[in-house]
Amino acid sequence: MTAALWAVVTGRTDGPLGERSLPSMTPRQAKPIIWLLCLTPLAWLVYRVVSGRLSANPIDDITDFTGQWSLRLLLVSLSVTPIRRLAGWNGIIQWRRLLGLFTFFYVCLHLSTYVVLDQFFDPTSIVADIAKRRYITVGLTGFLILLPLAITSTTGWIRRLGRRWQRLHRFVYLAAVCGVIHLLWIVKGDDLREPALYGSILAVLMAIRAYYWTR
Amino acid sequence: AALANVRKSPLSTTGEKLNPLEDITSYNNYYEFGTDKSDPRANSGRFKPAPWTVKIDGEVGKPGDYTLEDLLQRFPLEERIYRLRCVEGWSMVIPWVGFPLRDLLKVVEPSAKAKFVEFTTVQRPSEMPGLRYPVLEWPYREGLRLDEAQHPLTIMAVGLYGKTLLNQNGAPLRLVVPWKYGFKSIKSIVRIRLTTGQPQTSWNLSAPEEYGFYSNVNPQVDHPRWSQARERRLGEFLRRETLMFNGYGDQVAGLYRGLDLKRNF
């Protein structure tokens, strides 16, 4: 079962369990699965909104939910390269752009929930928030870093920017740090469980990169 | 269970739409049961609010252990409809049932040295799963100045919507101070101690720059992470202006005459 799944997902039949002659999957076949998986949280949210399953403060629920999935998908996107290195699975690289764009999609949902539902376009209070509240400042910084990365994610831009493209896209690490700090500065009391979890995953992913960079 | 002989109080807030029982019992901050708003309802099933005894001691003439039945027999119950403003920027309107704390304090006879009142929440790790995590300094502690505690608006609540409190709302006995942020209204109280000095409070210990001892609702003094100028009344879409002292300024502003409310936030 594991071997079959491995083969289907990776397109490799010489997987860790060494089984052969299993059906394999090309990136073109894999993409619909990524679409489905990445849209599942949104579908779940829409279902909860429509069926009245949110709490007495639905706007806060939507803000939390879209924020959490932004960070989760960002970490999933950042796992692509480490998995590729560790598992020797080069095919996975072709999913990276789609995962990154879905991350940006959830970030946009998160930001527009704040601007539209939470503040209802109130410019005075939004500007005050950005200036005074450090968790909002750092969150917005993360968004502003991701914005040019999303724009330059097309094949045309990759070609045009050449070597500079990779340098530009390394800023995604900074955006991830912003995301974790954003969460860290929202939690109340001394409840660091969530930011600590996301922060450690990010640290591990960066450590794997550092290992391959310095080798 | 339904509470008998509850009379309406003239001190109730009028002209505001009550939040439905479902809002009040499903959207709670009670970290002893977990930090999500839905946790208190989900995780408080094992909590036993009976039998219940509250110890009253410190600077009082008549210290002692008072059972909930003692209190219910001694003090007539009133319905008090109050706004509740959370420091996180949301609010509700809740029909509490309880009795004035000042009546209880009268019975225990505060000494001339008593200046403050310290309240402590029960600490039962086997019934309160949130206590496993050091989110705050357990047990939860709160405090009031004696004159705040003796104010007619300050009540000990035992119910809401005419029925006994549910565990997620602080059963069986909690404080309600309507002009202060909600976290001051400490739940499931087992100890009331009158003191000469200002008591330590859990939130102030955790983040002193964010949560002051007074924590009066004040739209002019922002919390470092939230503007306090406006609030979302649960059930409404647009935020509304937050009122000074949560709209109870006529009754309570006198308590703070001459006090710099920016410094004493």
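Author: Phe121(A) sits in the loop between α4 (96-118) and α5 (123-132) of chain A; helices here are DSSP runs (H or I, at least four residues) and strands are E runs of at least two, numbered from the N terminus.

Some ground rules before going on: this is a predicted model, where local features need pLDDT of at least 70 and side-chain atom pairs count only at pLDDT 80 or more, while totals for chains, interfaces and linings use all residues. Residues are numbered from 1 along each chain as its sequence is written, chains are lettered from A and ligands numbered from 1 in the order in which they are written, and side-chain values use heavy atoms, leaving out hydrogens and water.

Now the interface itself. Chain A brings 23 residues to the contact and chain B brings 28, with contact meaning heavy atoms within 4.5 Å. About 2000 Å² is buried between chain A and chain B, 45% of it from carbon and sulfur atoms; buried area is the accessible area (1.4 Å probe) that two parts lose on being put together, summed over both. Of what chain A buries against chain B, 31% comes from Ala56(A), Arg133(A) and Lys188(A), more than from any other three residues.

On the polar side, 16 residue pairs are in polar contact across the interface, both at pLDDT 80 or more. That term means N or O atoms within 3.5 Å; within protein, one must be able to donate a hydrogen and the other to accept it, and residues adjacent in sequence count only if both atoms are side-chain atoms. In chain A, the elements giving two or more residues to the side that touches chain B are α3 (58-87), α4 and α5, and α4(A) gives the most, with three residues.

As for charge pairs, there are six salt bridges between chain A and chain B, each a side-chain nitrogen of Lys or Arg within 4 Å of a carboxyl oxygen of Asp or Glu. Arg239(B) and Asp118(A) form a salt bridge through their side chains, at 2.6 Å from N to O. Lys132(A) pairs with Asp222(B) in another salt bridge, the closest N and O atoms being 3.1 Å apart. Lys132(A) belongs to helix α5 of chain A and Asp222(B) to the loop between α6 (202-206) and β12 (230-233) of chain B, so this pair joins two chains.
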